[in-house]
Amino acid sequence: MSQAPKSKALDRIDINILATLQKNGRISNVNLANSVGLSASPCLDRVKRLEADGYIERYGAKLNASKLKFGMSAFIEITLSKTTTEIFDSFQAAIMEINEVSECHMVAGGFDYLVKIRIADMEAYRQVLGMIVDIPGVAKNHTYVVIEEIKEDHGLPLV
């Protein structure tokens with residue numbers, strides 16, 4: 001049985017590359033290399049290795065939710081009627097089909113899932129909530145509408 005090759009341990013330069021790309025995924029390789037103290041070619045080699053080893057999953061852009069009419073957020077606690085593999089799988093498949101769901105986490109505690117939705121307004125919220133509560137196995141839900149976002153995810157605290 002063959003094993004996948006082990007990833008090379010990350011050093012200080014790799015961490016700096018990841019931190020820099022996390023802040024600005026559009027930085028040119030030359031500017032990235034300068035910021036981490038490498039020449040361009042070895043820097044590009046490291047970035048390709050970090051991608052291949054799965055440390056970098058994707059690149060993207062931060063969009064303005066309000067301008068795109070998704071300025072309202074809510075978190076919904078979901079409690080399922082039963083905690084069976086079939087119900088979990090069914091819920092997860094259904095939740096993946098709802099575009100307004102931006103995050104869904106299975107949690108331990110007083111409920112089963114915490115779902116974050118991005119919507120335009122209360123009318124859109126009611127429509128999305130209707131889709132969620134109609135998923136077979138959903139027994140209870142409780143919503144928390146976001147009044148003000150205090151701190152958002154800006155990535156991992158690498159440096």
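Rings of Phe, Tyr and Trp (its six-membered ring) pair if their centres lie within 6.5 Å; planes under 30 degrees apart count as stacked, over 60 as edge-to-face and the rest as tilted. The model is predicted: local features need pLDDT of at least 70, side-chain atom pairs count only at pLDDT 80 or more, and totals for chains, interfaces and linings use all residues. Residues are numbered from 1 along each chain as its sequence is written, and side-chain values use heavy atoms, without hydrogens or water.

**View 1. Aromatic pairs.** By the ring rule, the count is 2 aromatic pairs. F88 and Y113 form an edge-to-face pair, because their ring centres are 6.2 Å apart and their planes stand at 75°. F88 sits in helix α4 and Y113 in strand β3, so the pair ties together parts 25 residues apart in sequence. Helices (H or I, at least four residues) and strands (E, at least two) are DSSP runs, numbered from the N terminus. Ring pairs join F88, F91 and Y113 into a cluster. F88 and Y113 are both buried (under 20% relative accessible area; exposed is over 50%, partly exposed in between; 1.4 Å probe, protein chains only).

**View 2. Helix α4 and its two faces.** α4 spans residues 85–96, 12 residues in total. Its first and last C-alpha lie 17 Å apart, close to the 16 Å expected at 1.5 Å a residue (1.5 Å times one less than the number of residues). Buried residues in α4 are I87, F88, F91 and I95. They cover an arc of only 100° around the axis (directions from the axis to the C-beta atoms), which puts them on the same side of α4. The face turned away from that buried side carries exposed T85, E86 and M96.
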